[in-house]
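Here is a model to question term by term. Each reply sets a value against its cut-off and then concludes.

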Amino acid sequence: MDPASDWKEKNKSIRVLRAAEKDRYGVIAAIAYNIEHILGFVKAAEVAQSPIIIQFFPWAVTYSSGLLIRAAADAISHSSMRDHIVLHMDHAQDYDLIKQSAGQLPFDSIMVDMSHYEKEENLSKTRELVAYCQQRGIATEAEPGRIEGGEDGVVDTAELEGSKTTPEEVDDFIATGVDALAPAFGNMHGEYDARTGPRLDFQRLHQIREKVNRRVSIALHGTNGFSPALLEKCIAEGCTKINVNRIVLDNYYAHLRQHAATLTHTQLMEEGTQKVVDLTVRWMGICGSAGKARLTSESSSQHL
Ligand SMILES: [Zn+2]
């Protein structure tokens, strides 16, 4: 089957990231592990009038048999911000799971991450899966080079050696038809060295951006421990999809650890959700996306 010719105009992920590129801000792409996170991210978008990308690791698909993803889609569809909240699968590394998810779950975009294969196989598998997703109106992201490390829910590449993205790889991967690239330029998954912090190769990011030349969006991965200033610099250098994990969830975890033994479960959930809202709203401000998702009269009515 051929994709509808105007699928890119209709795809929410592409629309949201193109708007960010045009207006030079970053969109928070936050990993959700549970219902409190889903509710917190949707609420944060409403409070800040900001776009957001809610993303899941494949872990969430298998753990919940797709329930968490369908729950997020339901929460989005009932939100006044529904045109500005994207549903994404991050680091999908399993060929069959990608096909199954693209066919059965309501993702706007999927990161087709074949970076655990060597380059040629990575490219050919990426090409095939990108076409499969496009036929279903789903946008894709890929990782040229290899970002080091692992995070809770995606650890497969943790033992493989990282390699920084080259300008040649940028062209090769754009040729597969992807809509976003996640370059490796010294960024890593998980925790950075506590003494040095992140040491990013901005010269390389600059070269990559010039090579990309707005043909696709640039996704920033590996932001645990980033300062606001460092994130702002990455956005100024052209990153628009800002993958975050701990920087919007740290206060939620601290609250959980501190109060799990004393609060009722409902209080723990409600207050935990609010921790997610508050910290996400703060980072939306830093990314410059707050106020960018203006309500239209059509979208402002709540659907129940
Ligand atoms: Zn990543």
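Q: What does Glu143 touch, not counting residues up to four places away in sequence?
A: Glu143 touches Asp113, Ser115 and Ala182. Contact here means that two C-beta atoms, placed from the backbone, lie within 7 Å. This is a predicted model, where local features need pLDDT of at least 70, side-chain atom pairs count only at pLDDT 80 or more, and totals for chains, interfaces and linings use all residues. Residues are numbered from 1 along each chain as its sequence is written.

Q: Why is Glu143 called buried?
A: Glu143 has 27 C-beta neighbours inside 10 Å. A residue is buried if 20 or more other C-beta atoms lie within 10 Å of its own, exposed if 12 or fewer, and partly exposed in between, with C-beta atoms placed from the backbone. Therefore Glu143 counts as buried.

Q: Where does Glu143 lie?
A: Glu143 is in the loop between strand 5 (139-142) and helix 8 (167-174). Helices (H or I, at least four residues) and strands (E, at least two) are DSSP runs, numbered from the N terminus.

Q: Which residues does UniProt place under "binding site" along with Glu143?
A: The unreviewed entry puts that feature at Asp113 and Glu143. They are spread over 31 residues of sequence, yet the largest C-alpha distance is 6.2 Å. UniProt positions are given in the numbering used here, feature names are shortened, and annotations may be inferred rather than shown by experiment.

Q: What makes Asp113 buried or exposed?
A: Asp113 has 27 other C-beta atoms within 10 Å, so it is buried. Its place is in the loop between strand 4 (109-112) and helix 7 (119-134). Leaving aside neighbours within four places in sequence, Asp113 is in contact with His91, Ala92, Gln93, Ala142 and Glu143.

Q: Which histidines does the UniProt annotation "binding site" cover?
A: The unreviewed entry lists His91, His189 and His221. They span 131 residues in sequence, but no two of their C-alpha atoms are more than 11.3 Å apart, so they gather at one spot.

Q: How do you know whether His91 is buried or exposed?
A: Count its C-beta neighbours inside 10 Å: there are 30, so His91 counts as buried. His91 sits in strand 3 (residues 85-92). Beyond four places in sequence, His91 contacts Phe57, Met111, Asp113 and Val154.

Q: What is the count for His221?
A: His221 has 25 other C-beta atoms within 10 Å, so it is buried. His221 lies in the loop between strand 7 (217-220) and helix 10 (228-236). Not counting residues up to four places away in sequence, His221 touches Ile147, Ala182, Asn187, His189 and Asn243.

Q: How do you know on which side of helix 10 the buried residues are?
A: The buried residues are Leu231, Cys234 and Ile235. They cover an arc of only 100 degrees around the axis, so they are on the same side of helix 10. The arc is that of the directions from the helix axis to the C-beta atoms. The face turned away carries the exposed residues Ala229 and Ala236. What covers the buried residues of helix 10 includes strand 7, strand 8 (241-244) and helix 12 (265-287).

Q: Why do the buried residues of helix 9 line one face?
A: In helix 9 (residues 202-212), Leu205, Ile208 and Val212 are buried. Seen down the axis, the buried residues fall within an arc of 60 degrees, so they line one face of the helix. On the other side of helix 9, Gln203 and Glu210 are exposed. The buried residues of helix 9 pack against helix 8, strand 6 (180-181) and strand 7.

Q: What makes helix 3 roughly parallel to helix 5?
A: Helix 3 and helix 5 (residues 67-77) pack at an angle of about 25 degrees, with their axes 10 Å apart. Axes are lines fitted to C-alpha atoms, for helices over the stretch in contact, and angles run from 0 to 180 degrees between N-to-C directions. Angles under 35 degrees count as roughly parallel, over 145 as roughly antiparallel, 65 to 115 as roughly perpendicular and the rest as oblique. So helix 3 is roughly parallel to helix 5.
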